[in-house]
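Subject: Structure handover

Hello,

Here is the structure for you to look at. My notes on what turned up follow below it.

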Amino acid sequence: MPFPFYRQLNAMDCGPTCLRMIARHYGRHYNTDSIRQKAGLGKQGVSLLGISETAEKMGFRTRGVQIGFDKLKSVPLPAILHWNHNHFVVLVDIKRNSVKLADPGKGMIAIPAKEFERKWTTNKTSDQQRTGTALLLEPTPEFYENSGEKEHKLKWSFISQYLKSSRWQLTQVCFALLMGMLLQLIMPFLTQSMVDNGINAGNMQYITLVLFAQLMLTFSSTVISFIRNRLQLAISGTINISILSDFWMKLTRLPLSYYDSRHTGDTLQRISDNKQLQSFLTGQTLTTLFSMLNFVIYAVILIMYDINLFILFVVGNALYFGWIKLFMRFRRRINHEVFALSAKEKSTTLELVQGMQEIRLNNAEQVKRWGWESLQVQLFKLNFKSLNYNQWQSAGALLITQAKDIVISFTVAKLVVDGHLTFGAMLSIQYIIGQLSGPVSQFIGLAQSVQDVKISLERLNEIHELEDEEPVDQTFIDRLPQEKTIRVNQLSFTYPGAGNAPVLENIDLTIPGGKVTALVGDSGSGKTTILKLLLKIYSQYTGELKVGENDLRFISPVFWRRNCGAVLQDSYVFNDTIARNIAVGDEHIDEDRLIMSCKVANILSFIETLPNGFNTRIGAEGVGVSQGQRQRLFIARAVYKNPEYLFFDEATNALDANNEKVIVENLNEFFEGKTVLIVAHRLSTVKNADKIVVLRHGKIVEEGTHESLTAQKGYYYELVKNQLELGK
């Protein structure tokens with residue numbers, strides 16, 4: 001039984017995909033996403049420890065080892081290997097001179113033992129023996145007690161739904177294709193008739209009539225083709241918008257934590273997959289289907305002339321198709337490799353553009369450029385390999401096609417010489433052969449497109465199969481309770497990834513409704529994490545988060561965020577006007593609220609100095625703004641929403657003392673009656689809070705007001721001692 005193989009669909013999915021293959025080998029199916037979640041996959045991938053812990057949760061007995069190649073031959077297989085310093089593969093089998101691997105990025109490969117040892121062994125023992133890292137896995141009875149998960153098959157129905165909205169236009173296109181095919185069908189008979197009845201008889205009037213008929217047929221076909229192409233373009237535009245729009249809708253419904261574990265390049269590359277899907281639906285498919293109908297009709301006509309000619313044509317094209325089929329598996333493997341590298345190259349290019357200032361300031365131009373050039377070299381090698389395969393494929397295909405045509409031409413000529421066919425029939429047959437060859441080439445092109453689209457569909461299905469942040473089969477609360485107090489009970493949280501220490505441990509906290517609560521503590525003490533949990537950015541926590549009497553898990557994320565204003569450290573400036581950057585979610589901007597929010601954020605005077613005022617574009621393609629101006633913009637954005645709950649994470653740390661003083665006074669007035677949680681280090685920001693909570697190493701160590709905590713001279717006092725100017 002062949003080893004079950006799956007390809008990784010994202011740049012950093014090699015570890016979970018390896019584990020998925022081994023689980024399937026032992027008879028249980030698991031989806032990559034569920035393994036990814038168990039393993040705590042992040043943008044840097046997953047560690048061998050993470051794979052081991054996940055495998056044990058699935059029911060495997062695991063053991064990580066550092067061994068040499070000779071001892072590797074005696075371990076239970078399949079096993080997972082740490083490969084080439086930055087990848088995971090499955091070791092399937094070891095033979096005398098070669099090693100069989102399941103590489104989730106490349107496919108099933110067999111490599112020479114010496115090359116395997118060079119890429120796998122990375123360490124040397126005290127006796128200079130080279131060793132490599134392997135994870136050995138064996139199923140326990142618990143593994144077989146679990147039934148696994150339902151396999152998500154490819155859904156071609158997913159793409160057919162986009163054709164339904166253009167049924168009438170598709171009908172018109174089909175009618176145009178049919179009419180064009182029928183008109184082309186008359187051409188060989190006109191050619192034979194002109195030669196046999198016109199040229200041989202010397203009847204110029206008949207020849208002129210036939211040529212005029214051919215001219216009219218050509219004109220009619222051109223008009224029909226013009227109309228068909230316009231209809232296909234209209235359908236293509238409609239379907240393209242629908243496919244991409246649905247993709248973006250799906251992305252906006254995914255949990256926010258999704259973006260913490262995916263490379264930007266992976267997401268951007270899937271937009272290309274959507275476009276390839278659209279091209280497949282609206283271009284080649286319809287034309288090829290009608291060409292195959294055309295093929296059947298012309299094949300029947302050729303059989304009527306001479307069945308031996310048809311057999312020669314079929315045998316020649318069977319050899320042609322077999323030759324092309326031989327190269328299709330290579331194309332599939334290269335396509336996957338190009339996808340992974342292209343995704344990485346897009347991320348690297350974005351990093352170069354967006355991080356150019358830091359690159360220049362840290363003299364990292366050469367290092368970063370070398371990294372980008374290394375990816376380009378790898379892409380070039382892959383493209384060269386693809387070109388090499390294509391050249392061999394094209395050369396062989398051309399040889400087979402030419403040989404077939406020569407044999408058929410010789411056979412037809414002999415039939416004419418022997419008197420079995422007329423000269424007009426010979427010309428007609430040559431035309432028919434040409435019409436038959438076109439659909440064959442189109443069908444092979446379609447087969448290759450189906451292969452490419454299948455790969456794209458696998459990647460798109462992975463996104464569409466992910467569970468929404470608000471599943472349709474789950475009911476969420478979409479109203480705020482009368483009591484606005486937030487209660488945190490026994491809250492613990494650890495960021496995804498094996499070996500990570502808990503960021504929060506058994507936190508008990510009350511954030512009074514209508515009051516201002518401040519969180520203070522050292523960096524890494526868990527302050528920002530609490531904010532992100534309250535904003536439902538992460539949901540994999542233990543304990544309770546309650547708003548009034550409602551569990552935060554059951555409150556609609558969309559509704560909850562609609563009633564929350566947030567200023568986070570990684571807030572984003574859009575490439576848009578200042579007004580649109582403040583009123584991000586409003587189609588129609590409330591000018592009174594806009595001006596009020598800018599006054600609170602003390603940014604109105606700056607905006608009024610700009611030539612276009614609120615209509616000034618900022619962001620990537622607009623006016624640059626300083627860090628302090630960005631923070632004031634973000635504060636205005638949160639204030640504009642006028643929410644019930646406000647979460648500020650170091651919202652004033654980039655402001656000068658004067659601006660901070662004005663903004664803090666304005667905010668204190670705006671905070672009246674609202675539930676506010678502030679994370680800050682500056683005393684001026686937190687001293688007027690109704691309640692101050694002090695965190696240290698993920699635990700609450702002190703609570704109280706500024707006055708009571710200062711009087712205690714405990715940890716809070718130590719944190720703000722320099723700002724108090726009280727000395728020791």
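First, a definition: on a 1 Å grid over the protein atoms alone, a cavity is a set of points where a 1.4 Å probe fits but cannot get out. A pocket is an open set with protein on both sides within 12 Å along at least five of seven lines. Lining residues have an atom within 4 Å of a point. Grid points are joined across faces, edges and corners, and a volume is the space filled by probe spheres set on the points.

The model is predicted: local features need pLDDT of at least 70, side-chain atom pairs count only at pLDDT 80 or more, and totals for chains, interfaces and linings use all residues. Numbering runs from 1 along each chain as its sequence is written, and side-chain values use heavy atoms, with hydrogens and water left out.

Cavities

How many cavities of 30 Å³ or more does this rule give? The count is two. The largest cavity holds about 40 Å³ of space. Its lining is Ile578, Ile603, Phe606, Ile618, Val625, Gln629, Arg630 and Leu633. By class, that makes six nonpolar, one polar and one charged. (Ala, Val, Leu, Ile, Met, Phe, Trp, Tyr, Cys and Pro count as nonpolar; Asp, Glu, Lys and Arg as charged; the others, Gly among them, as polar.) Helix H20 gives the most to this lining, with three residues. Helices (H or I, at least four residues) and strands (E, at least two) are DSSP runs, numbered from the N terminus.

Second largest pocket

The second largest pocket has about 1,700 Å³ of space. It is lined by 38 residues, and the closest to its centre are Leu256, Ile537, Arg561, Leu568 and Phe574. H9 (204-253), H16 (557-562), E13 (564-567) and H20 (627-641) each supply at least two lining residues. Which element gives the most to this lining? H20 does, with five residues. The classes here are 20 nonpolar, four polar and 14 charged.

Helix H5

H5 covers residues 113-120, and its buried residues are Ala113, Phe116 and Trp120. Seen down the helix axis, they fall within an arc of 60 degrees, so they line one face. The arc is that of the directions from the axis to the C-beta atoms. Buried means under 20% relative accessible area, exposed over 50%, partly exposed in between (1.4 Å probe, protein chains only). Lys114 and Arg118, on the other side of H5, are exposed. The buried residues pack against helix H4 (69-72) and several strands, including E1 (60-67) and E7 (130-139). Contact means heavy atoms within 4.5 Å.

Single residues

Threonine 577 sits in strand E14 (576-577). Is it buried or exposed? Threonine 577 is buried, at 12% relative accessible area. A polar atom of its side chain lies 3.1 Å from the backbone nitrogen of arginine 580. Beyond neighbours within four places in sequence, threonine 577 touches Phe614, Asn615, Thr616 and Arg617.

Asparagine 563 is in the loop between H16 and E13. Its relative accessibility is 15%, so asparagine 563 counts as buried. Its contacts, again leaving aside neighbours within four places, are Leu480, Pro643, Glu644 and Tyr645.

Serine 441 belongs to helix H14 (423-464). It is partly exposed, at 41%. Serine 441 and asparagine 317 are 124 residues apart in sequence, yet 9.4 Å apart in space, C-alpha to C-alpha.

Best wishes

How values were computed. A polar contact is a pair of N or O atoms within 3.5 Å; within protein, one must be able to donate a hydrogen and the other to accept it, and residues adjacent in sequence count only if both atoms are side-chain atoms.
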